[in-house]
Amino acid sequence: MPSYSFQCSEGCRFDAMFTMSEVPETAECRACGGVARRAITAPHLSAAGTSAFQLVDHAARSAHEPAVVDRLPGSGSRAPQRVTRNPLHAKLPRA
Ligand SMILES: [Zn+2]
């Protein structure tokens, strides 16, 4: 989830995390309670793509977009059991 910078009319600056679709143009200032406008900043591209960034992003995504499950765990997901027709294989010890 990207971090956005906000600056209020009193000059306080703070960062807040929003999804790209939910980021507001204004937010309440954490220091003085005034209206803070979103500041245009360079994106934090250096952190994107790192494993730490992916972990945080995945954890945040799974909180509000859990993976869809369409079958019970363990049913039908296993590889099909291999069957041999050779009679000599019946004498082999079973694993
Ligand atoms: Zn402020």
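In which sense do strand 1 and strand 2 pair, and over how many bridges?

1. The model is predicted. In this model, strand 1 and strand 2 (residues 13-17) pair in the antiparallel sense, over five bridges. The two strands form a hairpin, with four residues between them. Gly11, in the turn, has a positive phi of about 100°.

2. Strand 1 also pairs with strand 4 (residues 35-39), in the antiparallel sense and over four bridges. On this side, Gln7 of the chain stands opposite Arg37 in strand 4.

3. Ser5 lies in strand 1, which covers residues 3-8. The bridge partner of Ser5 in strand 2 is Asp15. The side chains of Ser5 and Asp15 are also joined by a polar contact of 2.7 Å.

4. Is Ser5 buried or exposed? Ser5 counts as buried because its relative accessibility is 11%, and the cut-off for buried is under 20%.

5. The surroundings of Ser5 can be listed by residue. With neighbours within four places in sequence left aside, Ser5 is in contact with Arg13, Phe14 and Asp15, and also with Arg37, Arg38, Ala39 and Thr41.

6. A separate point concerns a pocket. The second largest pocket holds about 180 Å³ of space. Its lining consists of Arg82, Val83, Thr84, His89, Ala90, Leu92, Pro93 and Arg94. By class, the lining residues of the second largest pocket divide into four nonpolar, two polar and two charged.

Definitions and conventions. Residues are numbered from 1 along each chain as its sequence is written. This is a predicted model: local features need pLDDT of at least 70, side-chain atom pairs count only at pLDDT 80 or more; totals for chains, interfaces and linings use all residues. Side-chain values use heavy atoms; hydrogens and water are left out. Buried means under 20% relative accessible area, exposed over 50%, partly exposed in between (1.4 Å probe, protein chains only). A polar contact is a pair of N or O atoms within 3.5 Å; within protein, one must be able to donate a hydrogen and the other to accept it, and residues adjacent in sequence count only if both atoms are side-chain atoms. Contact means heavy atoms within 4.5 Å. Two strands pair if DSSP finds at least two bridges between them. On a 1 Å grid over the protein atoms alone, a cavity is a set of points where a 1.4 Å probe fits but cannot get out, and a pocket is an open set with protein on both sides within 12 Å along at least five of seven lines; lining residues have an atom within 4 Å of a point. Grid points are joined across faces, edges and corners, and a volume is the space filled by probe spheres set on the points. Ala, Val, Leu, Ile, Met, Phe, Trp, Tyr, Cys and Pro count as nonpolar, Asp, Glu, Lys and Arg as charged, and the others, Gly among them, as polar.
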